[in-house]
There are 2 protein chains.
Amino acid sequence: MAAKTRPKFDVPDASDRVSRIREGVTAAILEHRLLPGTKLGEDEIGDIYGASRTLVRTALQQLAHEGIVNIEKNRGAFVARPTPADAREVFEARRLIEPTIIGHAIDAVSPAWIDRLQRHLTEEREAELRGDARASVRLSGEFHRLVAEMSGHSIYLGFLKELIARSSLIILLYRRHDTPACGTDHHAGIVAAIRKRDREAARAQMLSHLTEIEAELFLKDPAADELRLVDVLGA
Amino acid sequence: MAAKTRPKFDVPDASDRVSRIREGVTAAILEHRLLPGTKLGEDEIGDIYGASRTLVRTALQQLAHEGIVNIEKNRGAFVARPTPADAREVFEARRLIEPTIIGHAIDAVSPAWIDRLQRHLTEEREAELRGDARASVRLSGEFHRLVAEMSGHSIYLGFLKELIARSSLIILLYRRHDTPACGTDHHAGIVAAIRKRDREAARAQMLSHLTEIEAELFLKDPAADELRLVDVLGA
DNA sequence: CGGGCGAAGATTGTATAAAGTTTCGCCTGT
DNA sequence: ACAGGCGAAACTTTATACAATCTTCGCCCG
């Protein structure tokens with residue numbers, strides 16, 4: 001059967017045009033090039049990607065469902081501005097889900113996956129060494145997504161994608177120091193535990209990793225009003 | 001500030017037209033009036049709701065993101081047909097999330113909420129007594145959603161909405177006997193535990209409730225092909 | 001001089017029409 | 001009789017045009 005002629009599997013990250021737009025905007029947000037509160041005009045984006053508003057609108061609606069874009073009726077789409085309450089919810093959900101995910105990942109461990117993880121760690125280290133903040137942010141999120149893909153649970157994977165995207169915005173808004181994303185060493189430790197198939201160690205390290213990320217945040221409300229001026233000036 | 005003039009809160013279940021379509025189709029699927037595999041033509045739905053295909057398409061895309069509708073490129077939208085593997089993932093996720101949710105619900109317990117839950121139990125009993133299978137299916141799902149709303153965690157609520165919708169399809173496809181949805185008595189026991197603020201009892205009962213629902217399913221693959229003929233004949 | 005009202009401009013929401021793809025029926029050739 | 005290919009119909013996909021809504025800026029009134 002000519003599996004090449006028909007995609008057969010409905011890959012949402014396929015190479016259609018709406019996916020290109022969605023991934024482009026997502027990358028811009030996750031790499032902190034688009035700041036929370038920024039308006040995402042339909043014409044504006046359409047011109048950039050050479051697409052009509054119909055496609056842009058579809059992409060924005062998908063992003064809204066993922067929680068990284070807010071669509072206000074008759075006003076347009078904006079990069080989401082998570083509140084401290086949102087932030088606490090997101091990290092609580094991650095602390096609940098990710099230890100479970102990593103347990104399943106260990107069940108599915110294979111040389112190929114170990115390789116994949118190892119290569120990712122290398123990428124992370126390289127990005128950090130060359131001081132590429134954008135790549136660091138993106139890669140540290142991708143590490144968690146990689147583990148979820150490894151687990152083979154599509155439901156958890158979908159949930160985690162949302163949580164990671166939101167986390168990236170949260171870290172941008174509320175991080176206390178200019179700490180370099182989240183500790184790369186943690187990731188290395190987690191991979192080591194996976195390699196040893198040590199389920200409990202992996203779960204514990206993932207949990208403390210997430211706790212530490214959240215601990216570096218300053219989750220107080222005033223930041224919301226304060227930042228309005230910042231990104232106006234930044235734009 | 002005239003808070004009345006601007007809705008301020010972005011209520012996704014608002015009364016816009018696309019939401020009416022989405023909720024109508026969702027209800028039809030959750031009440032098992034639309035069977036898995038059924039084609040959802042855009043014109044067809046548009047005529048029913050007196051809306052143009054633009055709005056129908058938006059609604060279908062949202063449903064696809066919720067996992068109860070599959071959109072195949074250049075072919076259209078179909079009611080999703082979860083595989084046994086999907087089913088196991090969905091129930092595993094529910095067993096992970098719902099005990100946590102009910103813990104938070106107990107923290108937020110109030111006389112008004114107890115009332116709300118009690119009224120729901122009454123509704124469920126009435127529907128079951130009058131043999132209204134459609135209402136029973138819908139209400140037994142709504143109970144879980146109600147608990148999630150009570151917890152006040154919007155992230156968990158969003159996740160659970162997806163899981164409940166998928167569960168309804170799964171139960172339709174794979175239930176062993178013609179058991180009346182899921183046990184209403186379980187729900188009553190859970191409410192009693194909430195009322196007593198007994199966290200551990202509530203968690204335990206929710207967990208066993210979910211386990212029992214899954215135990216009543218027959219999660220074998222052959223059902224998939226078998227059912228294709230069934231719903232063709234049913235349509 | 002400050003605040004509220006109103007019209008112009010811009011942006012989104014909706015509908016309709018054109019374009020591309022798939023599917024199904026039919027016909028022809030072997 | 002049956003397999004394979006051609007063609008038309010129906011559908012989805014994409015683009016464009018129109019209508020409704022909101023924002024903004026200027027003006028008038030207090």
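## Sheet of chain A

In chain A, strands β1 and β3 pair in the antiparallel sense over two bridges; strands are DSSP runs of E with at least two residues, helices are runs of H or I with at least four, and both are numbered from the N terminus. Two strands count as paired if DSSP finds at least two bridges between them. The model is predicted: local features need pLDDT of at least 70 and side-chain atom pairs count only at pLDDT 80 or more, while totals for chains, interfaces and linings use all residues. Residues are numbered from 1 along each chain as its sequence is written, and chains are lettered from A and ligands numbered from 1 in the order in which they are written.

The bridge partner of A:Lys39 in β3(A) is A:Phe78, and A:Asn70 also stands opposite A:Phe78. β2(A) is joined to β3(A), residues 76–79, by four bridges in the antiparallel sense, with A:Glu72 facing A:Gly76 as its bridge partner. Together the three strands of chain A make an open antiparallel sheet in the order β1-β3-β2. β1 (39–40) and β2 (69–72) of chain A are at the edges with a single partner strand each, so one side of each has no neighbour in the sheet.

## Hairpin and faces of β3(A)

β2(A) and β3(A) form a hairpin with three residues between them. In the turn, A:Asn74 has a positive phi of about 60°.

In a regular strand the side chains alternate between the two faces of the sheet.

## Sheet of chain B

Chain B has an open sheet of three strands in the order β1-β3-β2, with antiparallel pairing. Its edges are β1 (39–40) and β2 (69–72) of chain B; each has a single partner strand, so one side of each is left without a neighbour in the sheet. β1(B) and β3(B), residues 76–79, run antiparallel and are joined by two bridges. In β3(B), B:Phe78 stands opposite B:Lys39.

## Domains of chain A

Chain A is divided into domain 1 (17–80) and domain 2 (84–215), with bounds from an automatic or database domain assignment. Their C-alpha centres lie 25 Å apart. The contact takes 10 residues from domain 1 of chain A and 11 residues from domain 2 of chain A; two residues are in contact if their C-beta atoms, placed from the backbone, lie within 7 Å.

On the domain 1 side of this contact, helix α1 (residues 17–30) of chain A gives the most, with three residues. By class, that side has five nonpolar, three polar and two charged residues. Here Ala, Val, Leu, Ile, Met, Phe, Trp, Tyr, Cys and Pro count as nonpolar, Asp, Glu, Lys and Arg as charged, and the others, Gly among them, as polar.

## The two copies and their interface

In the interface, 17 residues of chain A are in contact with 17 residues of chain B. On the chain A side, α3 (53–66), β2, α4 (84–107) and α7 (154–174) each supply at least two residues, and α4(A) gives the most, with five. This side has six nonpolar, eight polar and three charged residues. The copies meet through the same surface, because 100% of the interface residues of chain A are also interface residues in chain B.

## Surfaces near the DNA

A residue is near a strand if its C-beta atom, placed from the backbone, lies within 6 Å of it. DNA strand C has 17 residues around it, of which A:Glu42, A:Gly76, B:Ser52, B:Thr54 and B:Asn74 come nearest. α2 (42–49) of chain A and α1 (17–30) and α3 (53–66) of chain B each supply at least two residues of this surface; α3(B) has the largest share, three residues. The surface near DNA strand C has three nonpolar, six polar and eight charged residues.

DNA strand D is surrounded by 18 residues, the closest being A:Ser52, A:Thr54, A:Asn74, B:Glu42 and B:Gly76. Here α1 and α3 of chain A and α2 (42–49) of chain B each supply at least two residues, and the largest share, three residues, comes from α3(A). By class, the surface near DNA strand D has three nonpolar, six polar and nine charged residues.
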